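Dear colleague,

I am passing on the structure below, together with some notes on what turned up when I went through it. Please look it over before reading on.

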Amino acid sequence: MVLVQNYITPCQAYLPNASSSQVDVMHQLGWFRSGHNRRAPGCVIRSENVTETSTSSCQDRLGRRQFLAVGPTIAPLLLMTSEIPTSFAAENRKGFLPVTDKKDGYSFLYPFGWQEVVVEGEDKVFKDVIEPLESASVNLVPSSKEDIRDFGSPQQVAETLIKKFLASPSQKTKLIEASERIVDGKTYYTFEFVAQAPNYTRHALTVVCIGNGKFYTLTTGANERRWGKMKDRLHTVVDSFQIFNV
């Protein structure tokens, strides 16, 4: 493990001049008010087609599924049932290493060769030693909610996080896809987006979930020029993320 004081995390790169903490941001979003548990049994994946959150010159990438928009603010939903192995994060996968945080109750996989670094304000960070935009970071903030759906649909949560936290106002952003999966009664939202800065464009994936009184956020990504090479590995990272009771 390496202590990196000057390492710029994905969120810090998007908000270089931010003065409020993550908790302040969540307070501004009203995400600490109590809500009702709306968990459902089984395993459901729901994906939404989305529109641009701002003008962008980036091409509209639809990832692994294609959808047709039916209006400027309404996106069609595709409901499908799938079996998701509950031990996904613990499985041995070629080219990946597992990490489990027994104290905070989460686990995921990260690409072999990435190095763990210690960054103030981040619970855990792994990054490529050569490509600075290739990383995976986990953030935790307190939450009185019991289910991520209490904050809205996958698209609503994704747009709010991108606008308020994951990208700065000066960046051109596009939300490409937002989806939902349920594993062991816990709901996860995963979304894909791009954020274009003057000197680079980062293609990112984020997964969020609520449990143990915490709002969990894992974000991973890569430079747009390397997205084609890295996308499958980065999807493995977010798909492997799971939380467990502690």
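Glu-131 counts as buried, because its relative accessibility of 14% is under the 20% cut-off; please keep in mind throughout that this is a predicted model. Glu-131 forms a salt bridge with Arg-225, whose closest N and O atoms are 3.0 Å apart, and this pair links distant parts of the chain, since Glu-131 lies in the loop between strand E7 (124-127) and E8 while Arg-225 lies in the loop between strand E12 (214-223) and H4, 94 residues apart. Arg-225 itself is exposed, with a relative accessible area of 59%.

Arg-226 is buried, at a relative accessible area of 17%. Glu-131, Glu-134, Arg-225 and Arg-226 are linked in a network of salt bridges, and the count for the model comes to six salt bridges. One of them joins the side chains of Lys-124 and Glu-116 (3.8 Å, N to O), where Lys-124 counts as buried at 15% relative accessibility.

Turning to helix H4 (residues 227-240), its 14 residues should span 20 Å at 1.5 Å a residue, and its end C-alpha atoms are 19 Å apart, which agrees. H4 bends by about 25° at Arg-233, and its buried residues include Trp-227, Met-230, Leu-234 and Val-238.

Lastly, Lys-145, in the loop between strand E8 (135-142) and helix H3 (154-166), is buried, with a relative accessible area of 10%.

Definitions and conventions:
Residues numbered from 1 in each chain as written. Predicted model: local features only at pLDDT ≥ 70, side-chain atom pairs only at ≥ 80, totals over all residues. Heavy atoms only, no water. Helix = DSSP H or I, 4+ residues; strand = E, 2+ residues; numbered from the N terminus. Buried < 20%, exposed > 50% of the residue type's maximum accessible area, 1.4 Å probe, protein only. Expected span 1.5 Å × (residues − 1). Bend = angle between axes of the 7 residues up to and from the residue. Salt bridge = Lys/Arg side-chain N within 4 Å of Asp/Glu carboxyl O.
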